[in-house]
Amino acid sequence: MDTAPTPSAAHPVDAVVVGAGLSGLYQLHRLRGLGLRTVVFEAGDDIGGTWYWNRYPGARCDVESTSYSYSFSPELDQDWVWSERYASQPEILRYVHHVADRFDLRRDVVLNTRVTRAAYDEDRHLWSVSTDTGRTVTTRFVILASGCMSVPKDPGIPGADSFTGSTYHTARWPHEDVSFTGKKVAVIGTGCSGVQTIPVIAEQAAALTVFQRTPAYALPAHNRPLRSTEVAELKARYPEFRQAQRLSRGGTVFEPPTRSALETGEAERTATYETAWASGLLSGLLRTYTDILTDEKANETVAEFVRSKIRSTVTDPATAELLSPRTYPFATKRPCLDTGYYATYNLPHVKLVDLRTTPIETITRRGIRTSDGEHILDAIVFATGFDALTGSQLAFDIVGKNGVTLREKWVDGPRSHLGLVSAGFPNLFTVLGPLSPSVLTNIPVSLEQQVEWITDCIAYLRGHGFTEIDATPAAEADWCAHVAELAARTLYPAVASWYTGANIAGKPRGFLAYTGGLDRYREKCDAETRNGYTSFTLSTPPSSKAVSTRRSAPQSSLGL
Ligand code: NAP
């Protein structure tokens with residue numbers, strides 16, 4: 001039975017959450033805890049966000065499952081048992097469903113409903129949120145929990161419509177079984193999605209051709225089933241583990257490096273890299289030395305180590321060389337965690353096409369034509385990525401104060417304070433958005449931190465009778481400058497990647513995430529809470545505008 005609420009102008013809500021993935025579901029749970037009438041709009045026909053959409057063969061988390069999970073409920077930690085070190089997409093989706101059931105979240109999620117517009121009413125301090133199903137709801141708060149990787153990138157290759165075979169995008173994989181058995185298949189793209197799916201598709205396909213523009217740095221996951229003894233051991237110390245995660249630099253627990261790669265002898269350095277390689281951790285190599293992301297020479301030591309591993313795995317030296325990244329430093333594009341990726345190229349039916357030397361000219365009726373000739377295919381898989389971080393917020397019309405749209409405001413790149421509130425767009429919060437640690441961290445830890453900050457902020461507003469919070473332009477300018485200044489100390493900004501917006505034609509270029517670490521970011525957010533939100537303007541209900549001041553507000557409940 002559909003028990004989802006049907007908000008309308010006549011039945012307003014206190015908060016609208018956009019997206020029912022990990023962020024949106026937790027935001028709903030927390031806002032309910034405050035007593036807010038909250039509705040979640042979800043475009044998909046089920047909950048799960050990233051783990052609902054990205055169901056391509058081989059899709060799997062690349063953070064250990066015991067870390068990549070909610071920490072807010074000790075009972076949930078005890079109750080749920082992960083089966084593998086790195087959980088597969090179906091298992092994570094089962095986990096999301098388990099959480100939704102356990103906390104009775106579904107009744108406030110409206111599925112198959114895409115938000116098309118949100119417009120702010122300055123006189124009433126209310127947002128009007130419209131959807132593609134014709135609903136419009138009035139709400140005090142809007143929380144964009146629509147994901148940092150949720151708008152798939154159109155590869156923009158001419159002729160795609162003329163292909164008579166099947167086409168797939170990794171981020172929009174069909175829910176029905178897809179069989180590649182006996183088929184001639186192409187995969188375009190060798191980022192994390194391509195690296196995960198290529199070995200699995202190769203197991204089925206009669207012939208697999210990988211079209212590579214830029215090779216990835218892929219590290220072995222060493223995935224395996226979890227032993228019951230290690231699960232029991234972790235459960236016994238989960239509270240301390242979760243606390244350590246919260247206080248960590250990136251949402252996973254590790255000893256930070258203390259030495260420079262360049263001040264370490266080659267033999268010792270190689271031994272350190274071998275240990276990190278064997279660890280099966282995505283950030284294992286990054287954590288070896290202090291200067292991997294700040295010094296090109298230091299970075300080259302680890303980059304060359306990865307290339308040596310590729311050469312020792314891939315038997316054909318020419319293919320090994322094509323797979324070896326040489327045009328950008330290690331980890332300045334996100335590294336990938338793989339299971340059998342490089343070894344796949346040793347299979348006789350797997351071929352690598354280097355698009356740097358033989359670019360795609362067009363997709364034809366029968367396949368893909370490069371400058372070297374036509375490849376006849378039955379299916380094409382686009383693993384071409386996303387319009388990351390800003391894509392989901394700019395996907396619909398958000399109209400703030402003075403009729404300014406978010407698209408207009410962000411025409412030269414995103415601007416917000418703490419990555420949470422963009423000046424001129426009051427009461428609109430973003431989870432995992434640009435200018436926050438998001439994609440550089442273990443996502444559940446980051447999203448919990450931001451959801452909890454937003455919840456505390458809303459509680460404060462309600463408790464003090466404020467109906468509007470907006471970032472001050474000065475605080476926003478300082479934050480944007482701080483984010484850019486920290487990024488400039490790293491090797492990240494110089495590289496064309498989705499981190500810098502360079503993968504999307506026409507997207508303004510700039511490093512999109514906060515590189516200062518989740519620990520430092522949390523401290524800055526907590527300072528705002530402690531100090532009474534001094535970087536924000538807080539206002540009382542419009543009817544009492546004459547006394548609108550951030551300190552002398554009356555104590556009253558929100559009321560709509
Ligand atoms: P991606 O990293 O952006 O990779 C896209 C790939 O497609 C790149 O190799 C790119 O080449 C290529 N490409 C794009 N357009 C192309 C075109 N027109 N012609 C030829 N090649 C083209 O996207 P992704 O692999 O989907 O991964 C995105 C992010 O999602 C990851 O970095 C990660 O943060 C996340 N992710 C996580 C997991 C996980 O395990 N947790 C799994 C998958 C994805 P260029 O590099 O030359 O542009």
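This is a predicted model: local features need pLDDT of at least 70, side-chain atom pairs count only at pLDDT 80 or more; totals for chains, interfaces and linings use all residues.
Strand β6 comprises residues 136-144. Eight of its nine residues are buried, that is, under 20% relative accessible area, and the strand is therefore largely enclosed by the rest of the structure. Its pairing partners are drawn from separate parts of the sequence, as set out below.

Strand β1, spanning residues 13-18, is joined to β6 by five bridges, and the two strands run parallel. Within this pairing, V13 is placed opposite T139 of β6. A parallel arrangement is also found between β6 and strand β18 (residues 428-430), which are linked by three bridges.

The pairing of β6 with strand β5 (residues 126-131) is antiparallel and contains four bridges. In this pair, S130 stands opposite T136 of β6. Strands β5 and β6 together form a hairpin, with four residues between them. The turn of this hairpin includes G134, whose phi is positive, at about 90 degrees. In a regular strand, side chains alternate between the two faces of the sheet.

The ligand is surrounded by 26 residues, of which R60, S193, R213, T214 and K333 are the closest. Classified by residue type, this shell consists of 11 nonpolar, eight polar and seven charged residues. Helix α5, which covers residues 192-204, makes the greatest contribution to the shell, with three residues.

The shell draws on two domains. Domain 1 is made up of residues 13-151 and 388-539, and domain 2 of residues 152-216 and 333-385. Because both domains give residues to the shell, the ligand lies between them.

For K153, a polar side-chain atom is located 2.9 Å from a nitrogen atom of the ligand. Backbone atoms also take part: a polar backbone atom of C192 lies 2.9 Å from an oxygen atom of the ligand, and a polar backbone atom of A383 is 3.2 Å from an oxygen atom of the ligand. Taken alone, the ligand would expose 910 Å², and 86% of that area is buried by the protein.

Note on methods. Residues are numbered from 1 along each chain as its sequence is written. Side-chain values use heavy atoms; hydrogens and water are left out. Buried means under 20% relative accessible area, exposed over 50%, partly exposed in between (1.4 Å probe, protein chains only). Two strands pair if DSSP finds at least two bridges between them. A residue is near a molecule or strand if one of its heavy atoms lies within 4 Å of it. A polar contact is a pair of N or O atoms within 3.5 Å; within protein, one must be able to donate a hydrogen and the other to accept it, and residues adjacent in sequence count only if both atoms are side-chain atoms. Accessible areas come from the Shrake-Rupley method with a 1.4 Å probe; for residues, only the protein chains shown count as cover. Ala, Val, Leu, Ile, Met, Phe, Trp, Tyr, Cys and Pro count as nonpolar, Asp, Glu, Lys and Arg as charged, and the others, Gly among them, as polar. Domain bounds come from an automatic or database domain assignment.
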